[in-house]
Amino acid sequence: MENTIKARREALGFSQGALAKACGVSRQTINAIENNKYDPTLALAFRLAQTLGTTVDQLFHPN
């Protein structure tokens, strides 16, 4: 699954660490998601979308 988390995060001025803290996960988890090495749980996907001010549909899309 492809995602636009890195672009959205950078546009909003979040570091990986700040986004991770806001979502209750490690920076390594954010890095793995951004690099398409890990698909987040549905709950985490919703937390990411809420924190980044968007929707899950806009953050994630099939390959």
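Reader: In what order do the elements of the protein chain run from the N terminus on?
Author: This is a predicted model. The secondary structure of the protein chain comprises five helices and two strands. Read from the N terminus, the order of these elements is β-α-α-α-α-α-β.

Reader: What is the radius of gyration of the protein chain, and how compact is the chain for 63 residues?
Author: Along its principal axes, the C-alpha trace of the protein chain spans about 25 × 20 × 20 Å. For 63 residues the globule rule gives 11 Å, and the computed value is close to that, so the chain is as compact as a globular protein of that length. The radius of gyration is 10 Å.

Reader: What share of the contacts with a separation of 6 or more comes from residues 24 or more positions apart?
Author: Contact here means heavy atoms within 4.5 Å. Among contacts in the protein chain with a separation of 6 or more, the share from residues 24 or more positions apart is 56%.

Reader: Is Ala11 buried or exposed?
Author: Ala11 lies in helix 1, which covers residues 5-11. Its C-alpha atom is 17 Å from that of Val56, 45 residues away along the chain. A residue counts as exposed over 50% relative accessible area. Ala11 has 67%, so Ala11 is exposed.

Reader: How far apart do the centres of the positive and negative side chains lie?
Author: The protein chain has 7 positive and 5 negative side chains. The distance between the centres of the two sets is 10 Å.

Conventions: Residues are numbered from 1 along each chain as its sequence is written. This is a predicted model: local features need pLDDT of at least 70, side-chain atom pairs count only at pLDDT 80 or more; totals for chains, interfaces and linings use all residues. Side-chain values use heavy atoms; hydrogens and water are left out. Helices (H or I, at least four residues) and strands (E, at least two) are DSSP runs, numbered from the N terminus. Buried means under 20% relative accessible area, exposed over 50%, partly exposed in between (1.4 Å probe, protein chains only). The radius of gyration is taken over C-alpha atoms; the globule rule is 2.2 Å times the number of residues to the power 0.38. Lys and Arg count as positive and Asp and Glu as negative; His and the chain ends are not counted. The place of a charge is taken as NZ of Lys, CZ of Arg, CG of Asp or CD of Glu.
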